[in-house]
Amino acid sequence: MSTPVVVLDRGNNTTCTINLHGCTIVSWRVNNQEQLFVSKRSVFDGKKPIRGGIPFVFPIFGGPMGPGPMPQHGFARIARWSLEKGPDRLHTGDVEAIFSLTESDMTRSMWNCSFKVSYRLILREKELHMNVVVFNPSKEVPFSFNLLFHTYFKCPDVRRCQVTGLAGCTFIDKTREPPNTYQECRDVVTINEWTDRIYTHTPPEHIITNVVSGRKMRIQKYNFPDTVIWNPWDKAKDIPDFGDDEYPNMICVESGTVSNPATVMPGGCFEASQVLQVM
Ligand code: TA6
């Protein structure tokens, strides 16, 4: 069964849209130019995570801690979300939609928590605003989780991209065996090899240069303390839903709470947001 597709379109001749499969944003067009990478081998059956766009990683980042049905990067990427509100045009001309995810038989089979995730998107002319609230309805039990926007930005040649805002940050390098911790000594981060790094306690803003049409992409984040940088480089050949020759055309810069899980107390909530802006 294919996942529902939702389109937010600002219209008014400023072809500016986003398309979602489930709650993975699979397309974001600004002035009719696609800003996101989606592999030509990606699967859209709702059973396997989509290879590209902006997958929603929750309640874990990475592999499960032990045996069991919890998939890598959690269940949110393949869960059935509800379209709670919209798409609605706001008085500003922007378009808003709100999606929600609550526990189900599927989630309970993987994670014994009652929860509600509310995911609000606002599409502006050159910006995409993404806000998430995780609510704990329990009266007694807190829970902890990771949450991350696994954003695949499209680019003509990843080797020409530079990412600001990481100088001096500590990062976990997952390409090392075992993964080890280092400090970023470069002013800007570039990609010239397999790169898989969790930068911790990063500043609230990054700029990626040389994305689509040689433009820059600004990322502003709130309450997302970590930033993951990933490009599989030649490892793409080991990823079935990733074309062997596609890796030069994407860079993942992912805002999330990864190195330390977030904790929500009974009756409490966690809120975080990210704004993407084409410069
Ligand atoms: O965010 C980087 C990462 O954790 C990499 O280690 C790589 O596994 C990537 O995510 C893709 O994961 P996926 O489960 O979508 O194949």
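# A guided tour from the ligand outwards

Begin at the ligand and select His150: an N or O atom in the side chain of His150 is 2.9 Å from an oxygen atom of the ligand. Taken alone, the ligand exposes 390 Å², and the protein buries 84% of that (accessible areas come from the Shrake-Rupley method with a 1.4 Å probe, and for residues only the protein chains shown count as cover). The model is predicted, so that local features need pLDDT of at least 70 and side-chain atom pairs count only at pLDDT 80 or more, while totals for chains, interfaces and linings use all residues. Residues are numbered from 1 along each chain as its sequence is written, and side-chain values use heavy atoms, with hydrogens and water left out.

**The ligand site**

Next, select Arg51, whose side chain has an N or O atom 2.8 Å from an oxygen atom of the ligand. Arg77 also has a side-chain N or O atom 2.8 Å from a ligand oxygen.

**The nonpolar cores**

Now select Phe56 and Phe58, which touch the most other members of the largest nonpolar core, a set of 73 residues. Such a core consists of buried Ala, Val, Leu, Ile, Met, Phe, Trp, Tyr and Cys residues joined through side-chain atoms within 4.5 Å; buried means under 20% relative accessible area, exposed over 50%, and partly exposed in between (1.4 Å probe, protein chains only). Strand S18, residues 250-264, gives the most to this core, with 6 residues. A second, separate core of 6 residues includes Phe61, Ile198, Val228 and Val258.

Return to Phe56 and display its contacts (heavy atoms within 4.5 Å). Apart from neighbours within four places in sequence, Phe56 is in contact with residues including Cys23, Arg77, Trp81, Tyr119 and Phe149.

**Tyr199**

Move to strand S14, residues 195-199, where Tyr199 lies. Tyr199 is buried, with a relative accessible area of 0%. Select Glu184 as well: a polar contact of 2.6 Å joins the side chains of Tyr199 and Glu184 (a pair of N or O atoms within 3.5 Å; within protein, one must be able to donate a hydrogen and the other to accept it, and residues adjacent in sequence count only if both atoms are side-chain atoms). Not counting residues up to four places away in sequence, Tyr199 touches Leu166, Phe171, Arg186 and Ile229, among others. Arg176 is 23 residues from Tyr199 in sequence and 15 Å away in space, C-alpha to C-alpha.

**Arg10**

Then select Arg10, in the loop between strand S1 (5-9) and strand S2 (17-21). Arg10 is buried, with a relative accessible area of 9%. The side chain of Arg10 reaches the backbone oxygen of Leu123 at 3.5 Å. Other contacts of Arg10, leaving aside neighbours within four places in sequence, include Cys16, Arg89, Asp94 and Glu125.

**The whole chain**

Finally, display the entire protein chain, which has 1 helix and 19 strands (DSSP runs, numbered from the N terminus: helices are H or I with at least four residues, strands E with at least two). The C-alpha atoms fill a box of roughly 50 × 50 × 35 Å along the principal axes. Buried residues make up 52% of the 279 residues. The accessible surface of the chain comes to about 12300 Å², of which 50% belongs to carbon and sulfur atoms.
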